[in-house]
Amino acid sequence: MKFAQLAVLTALIAPSAGAVVVTFGTSTSNLVLSGTGLNASGAGTSRVTLGTCNYDGTNTTCVLSGPYTGLGSGGTWAFTLIYPGNGQSPLSAITNPPTSNLFTLSLTAGSFAFTLTPTGGSPVTFYDTPGSVTYSNPTCTVVSQCGVAAVGQAQGSSITGLVTGSADVTPKVNSVITAGNYGGFSAIAPATWIEIYGTNLATVQPQTWASADFNGSLAPTALGGTSVTVNGQPAYVDYVSPHQVNVQVPSGVASGKQTVVVTTFGGPSAGTSVTVNATEPGMLAPPAFDVSAGQYVVATQPNGATFILPPGLTNAVPTARAVPGNVIVMYGIGFGPVSPNINAGAIVGASNALNGVTFTIGGKQATVQFAGLVSGFLGLYQFNVVVPQISANDATPVVVSLNGQQVPQSLILSVGN
C-alpha cells in the first residue's frame, strides 16, 4: 500500500501522460468528423455529425449517441468530445483502410470518451480510439449512396438507426519496461515493478490502489477492471490509466521469453513478449536527478528527509553532501529473493536480508549495513551504506553490483569532507 505513497522519493513509478494525435473539424455548433473513403475507390470525404455542441464559456462539449445491437443484450452508446475554447475542433477521424468503416480518431487538445451502456448494466467508458463501430442505416441500399466509411450520413445530418457489431476497444500494449525511475530496462524479473504503455489499457480514469483494494496484506490483481498476467500468472496492479498500467510481476515467473497480457472490459490484449531474467536490479535514479554533472542516485540521510545532493542544487528538498563515515540510504527494485523469502504481492512485514549486493563509492568498497526489502512496502529494497574514506567530489561515481554483476546504471553521489 505504501508503495504508491513514496512521494518523497519522487514516486517509485511515476505515471506519464498518454498521448493521442489529431487535427480537423469545422464549427462548434455543427462539429463534423471527416475521413477519406466515401466510396469503394477511396475517393471523397465521409462525414459524421456530432449532434449538438455546447460552449459553456470555457470548454466546448459535443455528444453523439444512439442505440447498439450485437453486443450482449444491446444498449446505448455515446461519443463525447470536450475541448477548450469554442474554436475549431482539435479532432480528426480517418478511415483505415480508406475503404473500410473503421475510424481512427486523433486528438491534439481536450479529451474524448466512448461509452457503452448495456441494457440493464452500468456504463463502461473507453478513453482512446473507439476503433470500429459499424453503423447500419436502413435507408441506404448501395455503397455508392451511403459510402463504406460514410456510415450512411450526408454532411450535416443527424445519426439515426442502429449501431451493430462490436466496438474495437481491446487494449493494445506498445511497450513493457521496468519502472522508469529505476532504470527502465526492457528485460524484467520476478517480483520487480514494471510499467506497461499502450492504448485502452483501462476503462477508468487514472486510478491508484487504495487500502480497500487489498485483501489483508495481499495486493489486488485487478484495479478498475484492468488485470495483467505475466506468463499466465496474475500480476499485482498498483496503477491503471488508459495509457499506462503499473504492476508488480508475480514471483513464480520463469526466466526466458514470456508473455504479458492486459485484460479490460474490452477483452484481452495481444500477448507482448518480454525477456524475464532471474534478477533485473535497478537503483532509484529518476530523470529529476539527472543534471549536467550526471545522474545522481537518490540517497538520503537516515532521517529520510535530507537528500545527498550538492547544497543549492535544488530548493525543493533539504540537501547536504555525504561525508566519509556517514550512513546513507538508497533504494532499488529487481534484486531478487531475500531471506527468509517474501513473495510478490505481499506487504513486507518480517525482517529479511538480501545477500550478494556490493557498493563501491569513489572507487572504494563501501560497507553495507543493511540490504533487504522495506517493511510496509512491496518489492522495494533499501540499502544502508557507509561512505568510505574518499576525497570530496560532487560527482563521485557509485557502482552497484549483485552477485558480481554490475547494475547497468551510471550513477554519481555528492561527497564532501
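Buried here means under 20% relative accessible area, exposed means over 50%, and partly exposed is in between, with a 1.4 Å probe and protein chains only. Leu380 is found in the loop between strand S31 (364-373) and strand S32 (381-386). Strands are DSSP runs of E with at least two residues, and helices are runs of H or I with at least four, numbered from the N terminus. Leu380 and Phe335 are 45 residues apart in sequence, yet 9.2 Å apart in space, C-alpha to C-alpha.

A quick word on what you are looking at. This is a predicted model, where local features need pLDDT of at least 70 and side-chain atom pairs count only at pLDDT 80 or more, while totals for chains, interfaces and linings use all residues. Residues are numbered from 1 along each chain as its sequence is written, and side-chain values use heavy atoms, with hydrogens and water left out.

Now to the aromatic rings. Rings of Phe, Tyr and Trp (its six-membered ring) pair if their centres lie within 6.5 Å; planes under 30 degrees apart are stacked, over 60 edge-to-face, and the rest tilted. How many aromatic pairs does a search of the whole structure find? The search finds 7. One of them is Phe126 with Phe265, a tilted pair with 6.0 Å centre to centre and 45° between the planes. Phe126 lies in strand S9 (residues 124-126) and Phe265 in the loop between S20 and strand S21 (267-268), so this pair ties together parts 139 residues apart in sequence. Phe126 is buried, with a relative accessible area of 1%, whereas Phe265 is partly exposed at 47%. Next, Trp193 and Trp209 form an edge-to-face pair, 5.8 Å centre to centre with 75° between the planes. Trp193 sits in strand S13 and Trp209 in the loop between strand S14 (207-208) and strand S15 (222-223), 16 residues apart. Both Trp193 and Trp209 are buried.

On to the cores. In soluble globular proteins, nonpolar side chains tend to be buried together. A nonpolar core is a set of buried Ala, Val, Leu, Ile, Met, Phe, Trp, Tyr and Cys residues joined through side-chain atoms within 4.5 Å. Which residues touch the most other members of the largest core? Out of its 46 residues, they are Val176, Ile188, Ile196, Val228, Val245 and Val247. Several strands each supply at least two residues of this core, including S12 (172-178), S13 (193-199) and S20 (256-264). A second, separate core has 31 residues, among them Met283, Val297, Ala322 and Ile361.

Let's zoom in on Ile196. Not counting residues up to four places away in sequence, the residues touched by Ile196 include Val173, Leu201, His243 and Val262. Contact means heavy atoms within 4.5 Å.

Last, a charged pair. A search of the whole structure finds 1 salt bridge, meaning a side-chain nitrogen of Lys or Arg within 4 Å of a carboxyl oxygen of Asp or Glu. The partners are Asp394 and Arg321, at 2.7 Å, N to O. Asp394 is in strand S33 (residues 393-402) and Arg321 in the loop between strand S28 (319-320) and S29, 73 residues apart.
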